Amino acid sequence: MPIDPTRPYDDQNIFAKILRGEIPSARVYEDEWAIAFEDIHPQAAVHTLVIPRGAYVSWDDFSARASAEEIAGFVRAVGAVARAKGLVETGYRLLANTGRHGGQEVPHLHVHILGGQPLGAMIAR
Ligand code: 5GP
């Protein structure tokens, strides 16, 4: 079920629990601003999720409320994970589903890093 990105942050969401270490994940990166872990249902050869440590529902929420430091830290973390995954030479795709039309299912901002194979059309038809 897509989430409503205009609702307040729910600290019981699944990624909040992963961030706190309350449920397991295959963590591949962490720094002061973000963590990254493997998507549980990968849709490409590489499918890694990067989330900010801060409590933000969506891209909309993050871009409106996060500090410049948090935004810079998060964007750099996404790039660092893509580099660590060896994706720069072959290329990759970033995806931040937001709200109903975006198909966002978890109400904590996450960027999907997809790669390791040709990814096809940008939008399913
Ligand atoms: P969204 O549709 O919100 O952009 O993407 C949510 C993503 O989170 C999906 O790709 C889904 O497979 C992944 N996901 C959902 N629950 C879990 C979980 O408990 N652990 C991990 N690692 N990924 C999850």
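A nonpolar core is a set of buried Ala, Val, Leu, Ile, Met, Phe, Trp, Tyr and Cys residues joined through side-chain atoms within 4.5 Å, where buried means under 20% relative accessible area with a 1.4 Å probe and protein chains only. The model is predicted, so local features need pLDDT of at least 70 and side-chain atom pairs pLDDT 80 or more, while totals for chains, interfaces and linings use all residues. Residues are numbered from 1 along each chain, and side-chain values use heavy atoms, without hydrogens or water.

The largest nonpolar core has 16 residues, and Ala34, Val50, Phe62, Phe74, Val78, Val81 and Ile113 are those with the most contacts inside it. At least two residues each come from β2, β3, α3 (68-84) and β5; helices (H or I, at least four residues) and strands (E, at least two) are DSSP runs, numbered from the N terminus. The most, five residues, come from α3. A second, separate core of eight residues includes Phe15, Leu19, Leu49 and Ile51.

Strand β3 also holds threonine 48. Is threonine 48 buried or exposed? Its relative accessible area is 0%, so threonine 48 is buried. Leaving aside neighbours within four places in sequence, threonine 48 has contacts (heavy atoms within 4.5 Å) with residues including Val28, Val81 and Ile113.

Valine 78, with neighbours within four places in sequence again left aside, is in contact with Val50, Leu94, Val111 and Ile113.

Key: Buried means under 20% relative accessible area, exposed over 50%, partly exposed in between (1.4 Å probe, protein chains only).
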